[in-house]
Amino acid sequence: MTMIKIERLTKRFKSVAALDGVSLSLSGGQIFGLLGPNGAGKTTLLRIIATLLKPDQGAVFLDGLDVQVQALAVRQRLGLVNAGMGVYERLSGRENLYFFAELYGVKKSRADARIAQLSAELCIGAWIDQPAGGYSTGMKQKIVIARAVLHEPPVLILDEASNGLDVLARRALMDFAINYRALGKLVIYSTHVMAEAQTLCDHAAILHMGRVIANDSVANLRASTPNGTLEEAFFAITQQASQRDFESSNQGT
Amino acid sequence: MRIRRIFSLLKMQVQASMRDRRTFWTMVLVPLLMMPVLVLVMPLLMAKIGTAVKLDRLSVAVEGQIPAALSAELSGGILPPLKLTPVENAEKAGDKFVVALRVPAVIPQAIGAHAATLQIYVDRADKRSAATVLIIEAAVARYNQALLAAKLSSLGISPSAMSPLKTSTISAKPGELGFNLLGMILPILLSIWTLVGGQATAIDTTVGERERATLEALLAAPISRAEVVLGKYLSVLVFGLSSGLLGLCGLGISTLIMKFGVSHSFGPIAAIALSAASAKLGLSVSLSLASGVQIALATLSLASVLSALVLLPCIYARSYKEAQMYVAPTAILAMLASAPVQMKDFFGEFAALFWLPLTGSIACISDALVGNARVGDLLAAISGNLALTTILLALALWTFKREAVIFRGV
């Protein structure tokens, strides 16, 4: 079943086209890799899905809801984690979670149960009641993940969420993504680290200069190159796209 | 608009801000302690300085012979007494005297005799010297009046004929306390406390969110931008208003200490001395319940505008430094708003003044402090403030909805 449908999405920042006619269809129960070099438009696309930015053209539907028209209902159905996302440092981890539980309309008893469950899954129980100002980057990221899935959204967006994390924290994040997929949810995993994507993702789209230049299963993408790695496939596909761009710009002049 | 989500945001913001020591200092302690310092410590200090000057008489060097009548005026009449010490040369009297006098060989002791000049050597840089000159000039004027009175008596005319017309002042509005310095400065202080109290929260709740990288998570939650702006505005208002009201509490505590504490600790004479010193400085306090209610309502209305005023630039700012730069001029604006209030007596009755945002509520507070509270003026002030608050919040929401502002530097 299609969870997210993206139709001819375009977004410009002044003269720069961050997204240029992006169309994708993402179904639930998978980890969808959104790959691309820095500046490819991954974060812009995810921010439009998360209702934080408005597209210039095109539309996005999440669970059948138009993200531009039914923004609050869309937000209720997704969780967002991105690189360096912070927590309220003068509150404890638990108080941070309670605050977001209230915003997401999660009742106190349900919030308590979810926090207990997530404490076990993410191993945050030992320090969750300490002030968040004293947390390490990895500890903060675990609270951010817990905060994003407290309301059990059908879509979880992890936008370069492993940036700056140590090996243990990164492993915990990846395990969590795998477990969340097992619940039948859609996890969008945006990264430029191909090894992570190869390990985690079922399906991947490669963005380059705001356009989708590949959209296939990770297995098919790997099979398209001699040594069978996603990194090699990514490199070959982006090189071809750059070459095409170069040739078309030459034809234009 | 969902009240529960706004309240959740407000509750979280208050909880977070209360745990910040800097907020506690600026919001609670400064306004609470400032008023007792102003109303109690300053008059006590002034009274103490006055006593010290009286005990340590001002020393005056005298070259020559002063007539007994003039000497009596100088060293113990109704004027502050001077300590007169004979010297050989007034010009070389030295630093231990604040002033030196050169008395002419012959001093007139009756009207009709020749005129003479008393030379006074002063140190123009020394304020005690200037004060002593005033005392000497007043003593000489009294001496001359005494000579004139004696002359008139010898001619059979009553000395009271020297002042055929006298003046007497009576208060036209018995309810008013008269000139009150506190009535002038308290509204300004209230504005500043409200601004300072709300400022830390305004910065923390806006650019603080941005710098802690919590803003994106908040915006991705199912709470509308209008609800976020309103929640943040209310948290600024809570702290600004608390700060202003704590300042008023400080005033109330000062009144109680003045009434009971000073008398109990230092005796009734100290209490009377403090009260007199306060009255002299225009810091005497006498609040009725009606005045208190008017001040509280005007302060609430004032805080509502100032909170919106301080929140708007903070929403636009991208860093703490930038926010502080934008917020600083609001204090000047608050002081400028009080200027028409200080000048209103010179322009006559000017009803439109009360409709002016900020100025109207400051005028109401000022009037309430001198016992001249009027409900119509208060309603006008609240309406003016409400209109400006609405405009400022609409601007804040418009700013907060702009992608270019929210994702600046993100």
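Two strands are said to pair if DSSP finds at least two bridges between them. In the predicted model described here, strand β4 of chain A, residues 57-62, is joined to β5(A) by 2 bridges, and the two strands run antiparallel. One bridge can be located by residue: A:F61 has A:D66 of β5(A) as its bridge partner.

This pairing belongs to an open sheet of 4 strands in chain A, arranged in the order β2-β1-β4-β5 with antiparallel pairing. The edges of the sheet are formed by β2 (16-27) and β5 (65-66) of chain A; each has a single partner strand, so one side of each is left without a neighbour in the sheet. Helix α1 of chain A, residues 42-49, lies across β1 (2-13), β2 and β4 of that chain, and its direction is at about 120° to β1(A).

Chain B contains 14 helices and 4 strands. Of its 410 residues, 39% are buried. Among the contacts in chain B with a separation of 6 or more, 79% are between residues 24 or more positions apart.

The two chains also touch one another. The contact involves 22 residues from chain A and 19 residues from chain B. On the side of chain A that touches chain B, the elements giving two or more residues are α2 (71-76), β6 (78-82) and α3 (93-103) of chain A. Of these, α3(A) gives the most, with 4 residues. By residue type, this side of chain A comprises 13 nonpolar, 4 polar and 5 charged residues.

Terms used. Residues numbered from 1 in each chain as written. Chains lettered and ligands numbered in written order. Predicted model: local features only at pLDDT ≥ 70, side-chain atom pairs only at ≥ 80, totals over all residues. Buried ≥ 20, exposed ≤ 12 C-beta atoms within 10 Å, placed from the backbone. Contact = placed C-beta atoms within 7 Å. Nonpolar A, V, L, I, M, F, W, Y, C, P; charged D, E, K, R; others polar. Axes fitted to C-alpha atoms, helices over the stretch in contact; angles between N-to-C directions.
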